[in-house]
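Biologist: Can you walk me through this model? I'd like to start with the terms and then go site by site.

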Amino acid sequence: MGPKDHSEGFYYDIDIGRPVTPEDLNKIERQMRRIVKGNRPFERSEVSKEEAYKLFAELGQRYKKEILDWIPDDIVSVYRNDGFVDLCRGPHVEKSGQIKAFKLLGVSGSYWRADKDREMLQRISGIAFNSQEELDTYLHRIEEAKKRDHRKLGPQLDLFTVSDPLIGPGLVTWLPKGARVRVAMEDYWRDMHFKHGYEMLFSPHIAKSELWKTSGHWDFYRESMFSPMKIDEQEYVLKPMNCPFHILTYKHGLRSYRELPIRYAELGTVYRYELAGVMHGLMRVRGFTQDDAHIFCRWDQIDDELDRVIGFVLTVLRKFGFSKFEVSLSTMPEKYVGEPADWKKSEASLKRAIERHELPFEIDEGGGAFYGPKIDIKLRDSLDRLWQCSTIQLDFNNPERFDMNFINTEGEQERPVMIHRALLGSLERFMGILIEEYAGAFPFWLAPEQVRVLAIADRHLDYAKELEKSLKEAGFRAHTPMASDKLGAKIRDAQMAKVPLMLVIGDKELEDRGATVRTRTREDLGFMSEEQLINYCKSC
Ligand code: ZN
């Protein structure tokens, strides 16, 4: 029992022989307010363990006896406030009046000593802040996060299903509307990669176990891989990563220093075993599509490549509407491969690249993987939550394992450096983040349905369909509902589906060949001709 990290609030475990009800929580909160108002001091005293055993035995606190049993010290501290006494290491505020704003958030079951064979206690958790304002902001965020939960909005907006009982846990199906968003994401992603000098690859979903033995995944990543399958007496495994395929693509030809850097990108679907209990909507799944890339370059190109990659990451994340980033740089761990000098050199390159882009960063000393240093870029969403999305990882191991080479200026064989890199991380997870960021109201360029054409009466339907057709031909995702509902109902439906633009067609619009435009934020943009409409959509 006791406080957690401040950012997560506090909790207290109790056993009252029955479940704690919401009414109990209200009573406890009222009592807490009385205590705060009383502004009584928290008094610390140090007592011998002997005395403590006696004190808590008298109070009938049998769990305290066990806590005392694990404390190795002879002297323990006890705090008193307004007649209540508890065993506590401290520290505490001096007086209860210093507590400015708090709220109990709920009750959950919690095994004593986290042992499922022991008593189930009731864990009451809460949060405290220095001001009511901060508390209100926090509570608002929790409420808002609940409303935006992608697990609720996704199926509600027909975007995806996950863990269908006939398909299996942690496996995602993109529904047509979700697939439209994904196609918009992928189109942008591919276009940007071609512009930034990447080639696209497509690799198989399974490969022989030998490949994973060569790459080292078989030894170091086995618990995340699904069991092998037999095909023609050969053992195959579902791919947990795309890297080995990109390496083999590099090795497909003899490489010269002039060709480097070589940049391969793939929207590669990988499969990783996750325990059934940890799966969470789109955030943690067993199959997902990495927006993966591998860069093979010379040592003298590393600075430039890292600089480009970070710039690229930021451009892409900004396009999706994010503007606050935090970076962590993980450096050489105790167990490592390669030369310490190479580690130092590449860590310095990573640091320079982060600084050039003026990103706030922290260093995770010794936190790198054994095969190279890396940086993780987290984005902060509008509810102030941090999401780890992009990773840029240097690799001194795989070029050795796969005996990768290029012919250098001296005509000799030299090892290239390998950079693994993902921008969005996983398309599924990033979709989850986007749904929550926008509460399902995607920006125009991503919206599954960008424009809905609404005919006031059936006689306007033909022209509505005609307008839909011109919009589609201009490259926009438009739709005309054919039901003869009242306009009000049609607008409500479009609003519920979070369609950015609604085009209303009545007699006047039919005659003037255009539509009256409304936005999902209830803005009235007035009449636009067909041509004006298409230009307006292009500017969105
Ligand atoms: Zn990789």
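Modeller: Terms first. Buried means under 20% relative accessible area, exposed means over 50%, and partly exposed is in between, with a 1.4 Å probe and protein chains only. This is a predicted model: local features need pLDDT of at least 70, side-chain atom pairs count only at pLDDT 80 or more, and totals for chains, interfaces and linings use all residues. Residues are numbered from 1 along each chain as its sequence is written, and side-chain values use heavy atoms, with hydrogens and water left out.

Biologist: Is Cys243 buried or exposed?

Modeller: Cys243 counts as buried, because its relative accessibility is 5%.

Biologist: What coordinates the zinc ion?

Modeller: Cys243 through SG, His294 through NE2 and His420 through ND1, at 2.0 to 2.3 Å. Donors here are N, O and S atoms within 2.8 Å of the metal (3.2 Å for Na, K and Ca). Water is not among the atoms, so sites may look incomplete.

Biologist: What spacing do the donors follow along the chain?

Modeller: The zinc donors follow C-x50-H-x125-H. Cys243 and His420 link distant parts of the chain, 177 residues apart. Cys243 is in helix H9 (residues 243-250), and His420 is in strand E22 (residues 417-426). Helices (H or I, at least four residues) and strands (E, at least two) are DSSP runs, numbered from the N terminus.

Biologist: And His420, buried or exposed?

Modeller: His420 is buried, with a relative accessible area of 10%.

Biologist: How many disulfides does the rule give?

Modeller: The count is zero. The rule asks for a pair of cysteine sulfur atoms within 2.5 Å. As for Cys88, that residue is partly exposed, at 25% relative accessible area.

Biologist: Let's do the sheet. What is the strand order in the open sheet of eight strands?

Modeller: E10-E14-E15-E22-E19-E18-E16-E17, with mixed pairing. Two strands pair if DSSP finds at least two bridges between them.

Biologist: Which strands stand at the edges?

Modeller: Strand E10 (199-200) and strand E17 (361-364). Each has a single partner strand, so one side of each is left without a neighbour in the sheet.

Biologist: In which sense do E15 and E22 pair?

Modeller: Antiparallel, over seven bridges, with E15 covering residues 287-297. Asp292 has Ala422 in E22 as its bridge partner.

Biologist: New topic. Where is Glu428?

Modeller: Glu428 is in helix H13 (residues 427-438). Glu428 is buried, at 4% relative accessible area.

Biologist: What does its side chain make a polar contact with?

Modeller: The Glu428 side chain meets the side chain of Trp174 at 3.5 Å. A polar contact is a pair of N or O atoms within 3.5 Å. Within protein, one must be able to donate a hydrogen and the other to accept it, and residues adjacent in sequence count only if both atoms are side-chain atoms.

Biologist: Which residues is Glu428 in contact with, leaving aside neighbours within four places in sequence?

Modeller: Val172, Trp174, Arg182, Leu282, Phe288 and Thr289. Contact means heavy atoms within 4.5 Å.

Biologist: How many aromatic pairs does a search of the whole structure find?

Modeller: The search finds 19. One of them is Tyr264 with Phe296, edge-to-face, 6.1 Å centre to centre and 65° between the planes. Tyr264 is in strand E14 (residues 262-271) and Phe296 in strand E15, 32 residues apart. Both are buried. Phe320 and Phe430 also form an edge-to-face pair, at 5.0 Å centre to centre and 80° between the planes.

Biologist: What are the cut-offs for the rings?

Modeller: Rings of Phe, Tyr and Trp (its six-membered ring) pair if their centres lie within 6.5 Å. Planes under 30 degrees apart count as stacked, over 60 as edge-to-face and the rest as tilted.

Biologist: Where do Phe320 and Phe430 lie?

Modeller: Phe320 lies in the loop between helix H10 (302-319) and strand E16 (324-330), and Phe430 lies in helix H13, so the pair ties together parts that are 110 residues apart in sequence. Phe320 is buried at 1% relative accessible area, and Phe430 is buried at 0%. Tyr188, Phe320, Phe322, Phe430 and Trp445 form one aromatic cluster.

Biologist: Last one. How many helices and strands are in the protein?

Modeller: There are 17 helices and 27 strands. Of the 540 residues, 47% count as buried.
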